[in-house]
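The sequence and the model are shown first, and the notes follow by topic.

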Amino acid sequence: MRTRHRQTVTSWCHNLRPRGLYPAISIVTVIMLIILEKATAYPVLPVRYLYSLEQGFLQPSDVAVARHRIYVADGVNHCIKVFDEHGSFLTSIGGKGDAPGKLNSPLGIALGTDGTLYVADSGNRRIQIFTASGKHEQTILLPKTPEMRPPDPVDVALDEKDQRLYIVDNDNHRISIYSLLQKRFTAAWGTEGEVRGAYNHPFFIAVGKDRSVFIVDVLNTRVQVMSPQGEPVAIIGGWGVDVGRMYRPKGVCVDRDNRIFVSDSYLGVVQVFNRYGHLLAVVGDENGAVLKLTTPVGMAIDDAQRLYVVEMVRNRVSVFQVLPEMMEKNE
């Protein structure tokens, strides 16, 4: 395993802290739980636990679903593991190496509706594309200039209507846009900073049903909403441990109703927002209690409203059925 992957995974859980704010995670978690218990009424989106995927994962990071298949990025094992919709293991894609089709510490993945797999092959500093059958199809190398840091692709999202990829370049604090039709990069968004449209180590990314782009801006403790033209639309979250705020946002996914699910790896919760940044609910269990997870990072949700959450430290993916009716928090 490359040292860089160990540092990246460790930083997710321990080292990435806002400047000047160093509360221990145990204290922050306790504060968050007290706030959630004492807060006045807020909506809970209940889910029912279905099953977990556990297939020898070592610090899995992301999950994607399409065509009755579940794909999990298993970075330390340098592969993508594939399951059927019931959780039965089918196959692995990749394996350690730098040849086409091989992987080195993959972090983020995306799927097309036709089953095409897009992989942020982070250790090899490239994007790889695989067919639905797992055959290597294309390698994309990120642009770089002398003043830039080495490319650091950590996630990828697909806009199928425009046939373009959004690629998160973590160390360079920007989003690169690649045209699948033209087979070239057409634009880049962002610089390092705190204002709207700037990023501080962006990580996971998702495209909404209306083609809005949702970017987890980790060290700015927020999710930025961008138009397909790269214009800032809204901010979701912001620093804090209160309901609707974030301490260490990591994963993001969008459901069929264009609701945005955001995981917080430190606080162990998933919150739900609309595209304008308004809190809709906190994900909870069937009794209305807040659902408590262990290091939730990458997420996906399918058309049947099954929510897939990677719990990195527990080396598993937990699968839940989102229930239709909102609840008030359980007193």
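Strands are DSSP runs of type E with at least two residues, numbered from the N terminus. The model is a predicted one.

- Asp74 belongs to strand S3, which covers residues 69-74.
- Because its relative accessibility is 0%, and buried means under 20%, Asp74 counts as buried.
- The side chain of Asp74 makes a polar contact of 2.7 Å with the side chain of Asn77.
- Leaving aside residues up to four places away in sequence, Asp74 touches Gly56, Phe57, Leu58, Pro60, Cys79 and Lys81.

**The sheet that contains S3**
- Four strands form an open sheet in the order S2-S3-S4-S5, and their pairing is antiparallel.
- Strand S2 (62-66) and strand S5 (89-94) are the edge strands, each pairing on one side only.
- On average, neighbouring strands of this sheet are turned by 20° against each other, direction ignored.
- Strand S4 (residues 79-84) runs antiparallel to S5 and is joined to S5 by five bridges.
- Cys79, one of the residues that Asp74 touches, stands opposite Gly94 in S5.

**Strand S16 and its partners**
- In strand S16 (residues 222-226), five of the five residues are buried, so the strand is largely enclosed by the rest of the structure.
- Arg222, Gln224 and Met226 point one way from S16, while Val223 and Val225 point the other way; all are buried.
- Strand S15 (residues 213-217) pairs with S16 in the antiparallel sense over five bridges, and Phe214 stands opposite Val225 in S16.
- S15 and S16 make up a hairpin with four residues between them, and Thr221 in the turn has a positive phi of about 50°.
- S16 is also joined by five bridges to strand S17 (residues 232-237), again in an antiparallel arrangement, and Arg222 stands opposite Gly237 in S17.
- A hairpin is likewise formed by S16 and S17, with five residues between them; Gly230 in its turn has a positive phi of about 90°.

**The cavity**
- Searching the whole structure gives one cavity of 30 Å³ or more.
- The largest cavity holds about 30 Å³ of space.
- Its lining consists of Arg245, Met246, Val262, Ser263, Asp264 and Gln271.
- Strand S19 (residues 260-264) supplies the largest share of the lining of the largest cavity, with three residues.

How values were computed: Residues numbered from 1 in each chain as written. Predicted model: local features only at pLDDT ≥ 70, side-chain atom pairs only at ≥ 80, totals over all residues. Heavy atoms only, no water. Buried < 20%, exposed > 50% of the residue type's maximum accessible area, 1.4 Å probe, protein only. Polar contact = N/O pair within 3.5 Å; in protein donor to acceptor, adjacent residues only side chain to side chain. Contact = heavy atoms within 4.5 Å. Pairing = 2+ DSSP bridges. Axes fitted to C-alpha atoms, helices over the stretch in contact; angles between N-to-C directions. 1 Å grid on protein atoms, 1.4 Å probe; cavity = no way out; pocket = protein on both sides within 12 Å on 5 of 7 lines; lining within 4 Å. Points joined across faces, edges and corners; volume = space filled by probe spheres on them.
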